[in-house]
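Welcome, and thanks for taking a look at this one.

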Amino acid sequence: MKLISLSDKDRAEAANGAYKTYKKCHDWWVKNSRKGREPVMHTYYSGYLGEAAYCKYIGIEYKFVFNPYGGDGGVDVKDAQIKTVTWNGENKQLKIDINKDSCIKNPKVKNIFLIYLDEQSANLDTYIVGYISKQDFINKSVYNPIFYCNTVDEKILTEVTI
């Protein structure tokens, strides 16, 4: 795993972007008679931090762009989909519903990155665990009925280099 240091400004911008996304999703949830799971602000914040860490890794500035009309179509940054986990135990898993997740259907997505956010650390340390090509994820993942999606172990992912 590679540690990516995020600044206070990065974390503040992630919080702002996450709040806007959460608010939009929560308002939709209330308007639609509370169908499905209630949106959780923490989920959006974790995701934005993961995307910011990936951008730092590839050397570009992350733009927290709020789309009031929907998601990102499965492409988080350039040709990559970023998935962030907070599980601090062994064997972190990359989880994607290959039948529903837009990153699988979007031909622009080439790779999927797994980011680990250490919520126990004072600075919310963020690590790139590794990546896998979209095609390898489709071929190597296994359906996990506990999570209702396909998963691959971190051991299958390619480690990033400096």
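Let's begin with a strand pair: Ile 82 stands opposite Phe 113, which belongs to β4. Please keep in mind that this is a predicted model.

**Around strand β4**

- β4 pairs with β2 in the parallel sense, over six bridges.
- β4 is also joined to β5, this time by seven bridges, and these two strands run antiparallel.
- How many of the seven residues of β4 are buried? Six of them are, so the strand is largely enclosed by the rest of the structure.
- As background, strands in a sheet pair through backbone hydrogen bonds, in either a parallel or an antiparallel manner.

**Tyr 127 in β5**

- Strand β5 contains Tyr 127.
- Leaving out residues up to four places away in sequence, Tyr 127 touches Met 1, Lys 2 and Leu 3, and also Leu 114, Ile 115, Tyr 116 and Asp 118.
- The C-alpha atom of Tyr 127 is separated by 8.3 Å from that of Gly 50, although the two residues are 77 residues apart along the chain.

**Helix α2**

- Gly 50 is one of the buried residues of α2, and others among them are Tyr 45, Leu 49, Ala 53 and Tyr 54.
- Which elements cover the buried residues of α2? The cover includes the helix α1 (8-31) and the strands β1 (2-4), β2 (80-85), β4 (111-117) and β5 (126-133).
- Here is a quick geometry check: α2 has 18 residues (41-58), and at 1.5 Å a residue it should span 26 Å. Its end C-alpha atoms are 26 Å apart, which agrees with that expectation.
- Gly 59 follows α2 and has a positive phi, near 85°.

**The β3-β7-β6 sheet**

- Three strands make up an open sheet, ordered β3-β7-β6, with antiparallel pairing.
- The edges are taken by β3 and β6 (142-144); each has a single partner strand, so one side of each has no neighbour in the sheet.
- On average, neighbouring strands of this sheet are turned by 40° against each other, with direction ignored.
- Four bridges hold the antiparallel pairing of β3 with β7 (residues 149-153), and in β7 Asn 150 is the bridge partner of Ile 96.

**Gln 93 in β3**

- Gln 93 lies in β3, the strand of residues 93-96.
- Is Gln 93 buried or exposed? With a relative accessible area of 18%, Gln 93 falls under the 20% limit and therefore counts as buried.
- The side chain of Gln 93 makes a polar contact of 3.3 Å with the side chain of Asp 153.
- Apart from neighbours within four places in sequence, Gln 93 is in contact with Val 85, Leu 114, Asn 144, Phe 147, Thr 151, Val 152 and Asp 153.

**Cysteines**

- A disulfide is a covalent bond that links the sulfur atoms of two cysteines.
- Searching the whole structure turns up zero disulfides.
- Cys 55 counts as buried, at 1% relative accessibility.

How values were computed:
Residues are numbered from 1 along each chain as its sequence is written. This is a predicted model: local features need pLDDT of at least 70, side-chain atom pairs count only at pLDDT 80 or more; totals for chains, interfaces and linings use all residues. Side-chain values use heavy atoms; hydrogens and water are left out. The expected span of a helix is 1.5 Å times one less than its number of residues. Buried means under 20% relative accessible area, exposed over 50%, partly exposed in between (1.4 Å probe, protein chains only). Contact means heavy atoms within 4.5 Å. A polar contact is a pair of N or O atoms within 3.5 Å; within protein, one must be able to donate a hydrogen and the other to accept it, and residues adjacent in sequence count only if both atoms are side-chain atoms. A disulfide is a pair of cysteine sulfur atoms within 2.5 Å. Two strands pair if DSSP finds at least two bridges between them. Axes are lines fitted to C-alpha atoms, for helices over the stretch in contact, and angles run from 0 to 180 degrees between N-to-C directions.
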